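We will go stop by stop.

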Amino acid sequence: MAALVGTIGMAAEPSAAASKQKKCVTKIKKEFGGYKTYNWCDIKKVKYIGVQKGKNYVGLAQGKGPMRLTLTSTVTVSNSKSSEISVTAGSVSSAVKFDVTKSRTQSMAGSYSVPKGKFGTLKAYPLYKAYSFKAYSKLDGKLVTKGVARKAIGYRYVHSAK
């Protein structure tokens, strides 16, 4: 009887989602452990929106001039996806043509000459190629959410002296 109830509950899921869909992904617990993930959205209208600098720096060098700051390291930066409502990484990856869950390890090197009497800072930020996308319901074709996928491509250096 428990298997029949579980099957009926899962069969009722699509019709409930069709009337008022608010998400693209549903996880349903399996009877014998684990989860089954259902993707209710298609990712469409992928558009390249340019190169974006990451919000958090991944390398830092500081010092008082006169001196030359040099920042050299090997850093791992992850590709990413973001949206208001959860969408599957696989569907976004397929649409944007790169794996949004992969990381990239790359060496970086940058330098900055700090003027005499100044305190200098050199920061390295990850750079991403950014792509916007829209997720549409597989049930009624309506827009469910918008998002951005970012592919790590390198670093941008920012320096200052005070």
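Start by selecting Gly63 and looking across to β8, where its bridge partner is Gly120. Strands here are DSSP E runs of at least two residues and helices are H or I runs of at least four, numbered from the N terminus. This bridge belongs to the pairing of β4 with β8, which is antiparallel and spans six bridges; two strands pair if DSSP finds at least two bridges between them. This is a predicted model, in which local features need pLDDT of at least 70 and side-chain atom pairs count only at pLDDT 80 or more, while totals for chains, interfaces and linings use all residues. Residues are numbered from 1 along each chain as its sequence is written, and side-chain values use heavy atoms, with hydrogens and water left out.

Now show the side chains of residues 59-64.

Step on to Pro66, in the loop between β4 and β5. The peptide bond joining Gly65 and Pro66 is cis, with omega about 10°. Most residues other than glycine have a negative phi, and most peptide bonds are trans.

Lys45, in strand β3, has a positive phi near 55°; Lys45 counts as exposed because its relative accessibility is 58%.

Next, colour α2 itself. Ser91, Val92, Ser93, Ala95 and Val96 are its buried residues, and they pack against β2 (35-39), β3, β6, β8 and β9. Centre on Val92: beyond its neighbours within four places in sequence, Val92 is in contact (heavy atoms within 4.5 Å) with Ile43, Lys81, Val87, Val100, Phe133 and Ala149.

Widen the view to the largest nonpolar core, which has 16 residues. Such a core is a set of buried Ala, Val, Leu, Ile, Met, Phe, Trp, Tyr and Cys residues joined through side-chain atoms within 4.5 Å. Cys24, Ile43, Val87, Val92, Val96 and Ala149 touch the most other members. Two or more residues come from each of β3 (41-53), α2 (89-96), β8 (119-137) and β9 (143-161). A second, separate core of 13 residues includes Leu69, Leu71, Val75 and Val77.

Then pick Asn79, in the loop between β5 (67-78) and β6 (80-83). Is Asn79 buried or exposed? Asn79 counts as buried because its relative accessibility is 12%. Its side chain reaches the backbone nitrogen of Ala152 at 2.8 Å.

Finally, zoom out and colour by pLDDT, the predictor's confidence in each residue from 0 to 100. The mean is 84, and 86% of residues reach 70 or more. Over residues 1-19, pLDDT is below 50. Where pLDDT is low, the predicted coordinates should not be read in detail. In overall view, the protein has two helices and nine strands, and 35% of its 162 residues count as buried.

Note on methods: Buried means under 20% relative accessible area, exposed over 50%, partly exposed in between (1.4 Å probe, protein chains only). A polar contact is a pair of N or O atoms within 3.5 Å; within protein, one must be able to donate a hydrogen and the other to accept it, and residues adjacent in sequence count only if both atoms are side-chain atoms.
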